Amino acid sequence: MGYMREISYIVTVTITTQFVLMKKTVGQLLLLAVILWGCSKGISPTDTAKVKEAFAKYPDGEGKSLFLEKCGKCHKYQLPEFRTADKWTGIMERMAKKAKLTDTQKAAVTEFVKSNAKAS
C-alpha cells in the first residue's frame, strides 16, 4: 500500500511540475511575441526616404538629432506620437542607459518625444 502511495505522489508531483513549466514557457513565448510585435511597428532606420518624410514635421533641434542618431541603432524608429508623454518618460528611463546618453542628451531627447507625444 505504501509503495502505491509513493508512486501516486511521484506521478502527481511530476505532472504538477510539468504543468507549471508549461505555463511558464507559454507565458515566456507570449511575452516574446508581444515584444517582437511591438518592435515590428515603426520606421526602419535604413529606409532614409521614409525617415526623412516622417520626421520632417518635427522642428529641428538637438533632441530630434539625437533621437535620429541614437534610437535607430537597435530598433525601428517609434514616432513620438505613438506614445503619450507619460509612456515616453518610462521608455526614456530604460532606453537612455542602453543608448549611453548623457544626462543632457537624455533631457533633450525626452523633451523632443514628450513635446510631440500623443495626447493622454
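Here are legends for a handful of close-up views of this predicted model.

View 1. Walk along the sequence and you get the pattern α-α-α-α-α. Of the chain's 120 residues, 24% count as buried.

**View 2. A nonpolar patch on the surface.** Tyr-3, Met-4, Ile-7, Val-11 and Ile-15 make a nonpolar surface patch of about 520 Å². Pick out Met-4, which sits in helix α1 (residues 2–40). With a relative accessible area of 55%, Met-4 is exposed, because anything over 50% gets that label.

View 3. Side chains of opposite charge can pair when their charged atoms come close. Here the side chains of Lys-57 and Glu-81 do it, meeting in a salt bridge at 2.7 Å, N to O. Lys-57 belongs to the loop between α2 (48–55) and α3 (62–70), and Glu-81 to the loop between α3 and α4, so the pair ties together parts that are 24 residues apart in sequence. Lys-57 is exposed at 53% relative accessible area, while Glu-81 is partly exposed at 26%.

View 4. Which of the two is buried, and which is exposed? Asp-60 is the exposed one, with a relative accessible area of 70%; Lys-64, at 8%, counts as buried.

**View 5. Helix α5 meets helix α4.** Lys-106 forms a salt bridge with Glu-93, and their closest N and O atoms are 2.9 Å apart. Lys-106 is in helix α5 and Glu-93 in helix α4, so this pair links parts that are 13 residues apart in sequence. Both residues are partly exposed: Lys-106 at 21% relative accessibility and Glu-93 at 40%. A search of the whole structure finds three salt bridges.

**View 6. The second largest pocket.** This pocket has a volume of about 190 Å³. Its lining includes Lys-70, Cys-71, His-75, Met-92, Met-95 and Leu-101. Helix α4 (residues 85–98) gives the most to that lining, with four residues. Sorted by class, the lining has seven nonpolar, one polar and three charged residues.

View 7. Most residues other than glycine have a negative phi. Lys-100 isn't a glycine, yet it has a positive phi of about 55°. You'll find Lys-100 in the loop between α4 and α5 (103–115), where it counts as exposed at 67% relative accessibility.

Conventions
Residues numbered from 1 in each chain as written. Predicted model: local features only at pLDDT ≥ 70, side-chain atom pairs only at ≥ 80, totals over all residues. Heavy atoms only, no water. 1 Å grid on protein atoms, 1.4 Å probe; cavity = no way out; pocket = protein on both sides within 12 Å on 5 of 7 lines; lining within 4 Å. Points joined across faces, edges and corners; volume = space filled by probe spheres on them. Helix = DSSP H or I, 4+ residues; strand = E, 2+ residues; numbered from the N terminus. Nonpolar A, V, L, I, M, F, W, Y, C, P; charged D, E, K, R; others polar. Patch = residues over 30% accessible without salt bridge, like charges linked within 9 Å, V, L, I, M, F, W, Y side chains within 5 Å. Areas by Shrake-Rupley, 256 points an atom, 1.4 Å probe, with all protein chains shown as cover. Salt bridge = Lys/Arg side-chain N within 4 Å of Asp/Glu carboxyl O. Buried < 20%, exposed > 50% of the residue type's maximum accessible area, 1.4 Å probe, protein only.
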